[in-house]
Amino acid sequence: MSKKKKFIKLNQTIRHYFGEEGFDAGIERVDEKTLIELAHTLGLVPESYSKKSLLRIYRTLWSEADIELRRHIVDFFKAEGKVYLPTTPKASQHERSDRIDELLEELDVTDEERIELHKAFSDVRTRKINLFKLQSKLELIRFEQKKAEIERAVQGHFDIEDRLEFNASLQYNIHGETFRKIQPLKTKAFPFSFLQEAPAEQIISELTETKTALTTLKQNELSAFLQGIAKPHPYLSDEEMVSAIKRAQPDSNVTRFALNDEILTRIIAQSIPLHSLAQTLTEIIIVINTDFKPPQTEHSIAYELHLILPKDETLRTIWSGESLDLSEKLRCEQKEHEAHFLQEYEALLNSAKEAAAALQLGDEEISEKILEFLLPQLHEDLLISRKAAKRVLGRFNDSIHDALLKHQRQQLLARTIRDFKNLFPLARELRRKLVLHIGPTNSGKTYQAVKALEKADTGYYLAPLRLLALEGYETLKKEGIASSLITGEEQLINEEATHISSTIEMLNFETDVDVCVIDEVQMIDDRDRGWAWANAIIGAPAKTVIMTGSPNVKEAVIALAEYLNEPLEIIDFERKNPLELLSHATPINEIHPATAVIAFSRANVLRLKQQLSKNYRVSVVYGNLSPEVRREEARRFREGETDVLVATDAIAMGLNLPIKTVLFSRGDKFDGVSQRPLIPSEIHQIAGRAGRYGLHEKGYVGALRPDVLIHLKNTFHEEAPAIKIPFNVMANLEHIKLVGGILEENSLEEILQFFVKNMKFNGPFRAANLEDMLEAAQIVDQYHLDLPTKFHLACAPLTLRSPFIVAAFERYLHLLENDEFIPYIPPSNLGSYALSMDELLEAEDYVKEISLYLWLSYRFDDYFIDAQKARENRITLNNFIENSLKQSHFVPRCRQCTKALPLESKFQICQSCFKKMNMEKRKADRQNSGDVRPKRRR
């Protein structure tokens with residue numbers, strides 16, 4: 001029978017025990033006790049015996065298992081004999097019976113067959129019963145009856161592969177004693193077509209002949225084995241052999257019978273010294289007590305060595321009387337086991353040597369200390385677990401802590417912590433060349449930089465946004481360059497990669513390359529993230545560092561090059577096509593396709609989207625959206641699925657979109673501190689996205705309102721003010737650890753405060769704006785965690801203004817403090833799309849939590865165990881947000897009563913709720929002032 005037919009037959013058989021339903025549906029009805037029994041039968045040891053866990057394991061096994069494992073599962077339910085029927089509505093029983101009787105009028109069936117057919121379809125929905133199914137079931141019933149008749153005639157039964165199983169009586173003659181035992185035998189598999197089509201008499205005749213031949217063959221095999229047993233036997237007495245044969249299970253191999261533990265222990269002890277022995281179905285497990293002396297120490301470690309022997313092969317060797325010399329196998333196993341221990345032990349020693357490198361301890365001294373801490377942690381089998389290694393290193397580090405602290409203080413004056421560039425030693429060794437590409441948007445400056453990157457043997461592309469890092473990664477791959485993507489929450493690592501595309505904060509200062517491209521270098525002036533560009537320019541370990549940015553960054557980069565004493569080449573780029581400022585404001589109902597409307601808040605983006613959706617197909621892009629949703633919205637606009645893009649200034653960061661016209665909805669923005677007018681550099685960066693070279697001959701810039709257009713006209717032709725020094729730089733972990741060691745302080749907040757107030761640098765630098773990090777440090781300091789862990793946690797992408805994100809972050813900290821695994825908890829009751837702005841904001845918070853979880857999972861992968869689950873839920877949430885943005889009836893709603901607000905409303909509550917709140921406030925004010933007089937009636 002072919003493999004496919006075997007699978008089909010197994011599926012048909014299991015459906016019989018599950019009420020003609022498939023395995024996934026039927027297994028759901030099996031009770032927990034039976035599921036546990038099935039696990040024991042299959043030899044499974046799951047982490048949990050809960051029904052939910054077992055169901056997941058069995059469904060995976062059934063879908064992925066081979067034929068043999070499926071057969072074991074089917075045999076289990078066949079042996080149990082219970083049918084797990086689905087529940088069906090009782091009201092349809094008469095209708096179903098009438099339907100079956102009506103169809104049976106067209107078939108020639110006996111009364112017995114009629115009854116069987118009614119039983120077979122008793123749980124099938126009436127509308128699913130048809131003549132073809134009845135005919136097929138009738139053929140199966142008749143075939144089963146035929147098989148039952150044949151089985152009775154030949155005294156056997158067919159297994160799932162249509163092999164006849166029968167019991168043969170074999171005669172044993174050994175050492176003058178004769179007796180008979182039953183031996184189960186199986187014939188070859190008979191073709192299904194033969195069993196179905198051949199007459200029963202012919203099948204019975206052929207099966208009888210096959211049984212006789214097979215029994216004779218097995219008897220001859222047995223007799224030959226018994227006659228060939230050595231006399232005297234080197235291992236077994238006559239009584240032991242006879243006893244073992246009589247005690248053997250009926251289905252035992254007739255050439256190697258099982259022996260008890262006592263006999264096996266005696267035989268194996270002739271070859272090697274053993275402490276104990278145990279048997280499984282397939283193996284003989286021998287335990288030997290031995291010892292081992294690690295190098296560079298006088299201590300000897302006693303341990304247990306487990307020697308695993310294949311049971312069948314060992315029994316065959318013993319019964320045949322062949323030599324059973326296990327000494328060489330024991331030596332090899334012992335050598336391999338001790339070599340594995342030495343590998344783990346050496347890794348432990350190397351970690352200890354690295355930790356104590358500054359103290360210059362001798363190898364023997366470190367070995368003695370490590371072994372002192374290791375011996376109590378070792379298991380009897382000489383294995384060093386990861387937790388044991390972690391505890392040993394922890395105790396070793398504790399033992400040298402005071403010495404290291406003393407050494408740090410001694411070396412404090414020798415450390416060049418004030419000259420910031422010296423914190424990046426690899427970059428200082430490379431004799432780097434700096435190249436600055438400056439020019440307006442759409443001038444090709446980034447394109448030329450990326451081309452230089454592609455020609456380099458190795459390279460780094462540093463992007464301001466995850467979306468741009470992904471775009472850079474895909475560009476490199478499209479050119480056939482082996483690349484990796486590294487962002488805070490996602491890493492696509494290619495072991496053969498020569499190039500890396502990364503968000504700028506994820507730059508690895510320990511990996512040197514030929515070319516490093518730093519994009520949007522004018523971001524060095526950013527209040528919150530500028531430190532990342534400063535650190536990258538100073539410390540990027542590349543022979544050539546190419547920076548791209550707007551003209552106003554020129555003086556800043558020159559100042560940095562002078563400080564670094566590195567050569568700088570400046571290449572100016574001109575815009576490839578003209579950019580024209582429109583003379584009149586553009587009404588919202590007269591917008592042309594390929595237009596981007598710019599707003600500066602999420603609320604304004606959604607409000608504009610709602611207004612424009614009446615006449616246009618609209619995409620939206622704003623900061624709260626996940627990179628995946630932003631990318632999908634940009635794709636819809638790029639491929640012409642939408643006419644208008646409504647976006648915040650997020651599109652200014654290098655997104656390549658086919659925008660012909662950019663329209664500003666307003667001329668001011670909130671910058672995180674105050675509401676202020678747009679400055680020239682912001683206007684240039686955003687407006688420059690209009691008129692993409694190669695798609696449009698000219699770009700157009702305008703506004704929706706006349707007052708906004710006036711501001712643009714007054715500012716558009718102004719030069720952006722030059723970026724001034726000093727630049728923000730960020731303390732790295734080594735810096736924090738050093739200051740913490742000197743201060744003998746484990747509070748991250750205190751160390752950061754000291755850094756901000758006291759660290760003065762030689763060069764054009766100041767400590768970065770650390771307000772958010774300080775706020776995060778206040779949270780992490782409440783938990784008992786080591787300083788490096790606190791530092792990484794405080795650097796996480798934490799949205800402190802979101803109570804939901806902060807609560808999730810504190811849950812992570814609590815579990816980390818208790819050394820527990822941190823699961824990802826997905827949102828519940830998620831619909832198809834958001835019904836209100838609050839629901840959309842909540843979904844955006846869920847995506848931010850996933851970003852936080854994934855960011856932490858790359859730094860604490862032993863604890864954040866659900867990274868894949870988080871990614872899967874991010875896809876679901878992104879789809880939810882994407883669907884929400886596509887809804888034309890998606891409207892802002894009152895925070896109090898959820899009533900729909902007017903599209904042009906600037907407030908988050910409706911007029912009636914506002915009046916109600918004012919009335920309650922006036923009433924409370926009167927009560928607080930003691931004035932409780934009722935209102936005078938008019």
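Predicted model: local features only at pLDDT ≥ 70, side-chain atom pairs only at ≥ 80, totals over all residues.
On the side of helix 28, the contact is made by Met773, Ala776, Ala777 and Val780, while helix 29 brings Lys790, Phe791, Leu793 and Ala794. Sorted by class, the residues of this contact comprise seven nonpolar, no polar and one charged.

Here is the pair side by side:

Now let us turn to a strand. Thr661 belongs to strand 19, which covers residues 661-664. With a relative accessible area of 11%, Thr661 counts as buried, because the cut-off is under 20%. Which residues is Thr661 in contact with, leaving aside its neighbours within four places in sequence? They are Leu582, Ala594, Thr595, Ala596, Ala690 and Tyr700.

Finally, a look at the whole chain. The chain has 33 helices and 24 strands. Of its 938 residues, 46% count as buried. The radius of gyration of the chain is 39 Å, whereas a compact globule of 938 residues would have one near 30 Å. Along the principal axes, the C-alpha atoms fill a box of roughly 115 × 90 × 75 Å. As for contacts between residues at least 6 apart in sequence, 70% of them join residues at least 24 apart.

Note on methods. Residues numbered from 1 in each chain as written. Heavy atoms only, no water. Helix = DSSP H or I, 4+ residues; strand = E, 2+ residues; numbered from the N terminus. Buried < 20%, exposed > 50% of the residue type's maximum accessible area, 1.4 Å probe, protein only. Contact = heavy atoms within 4.5 Å. Nonpolar A, V, L, I, M, F, W, Y, C, P; charged D, E, K, R; others polar. Rg over C-alpha atoms; globule rule 2.2 N^0.38 Å.
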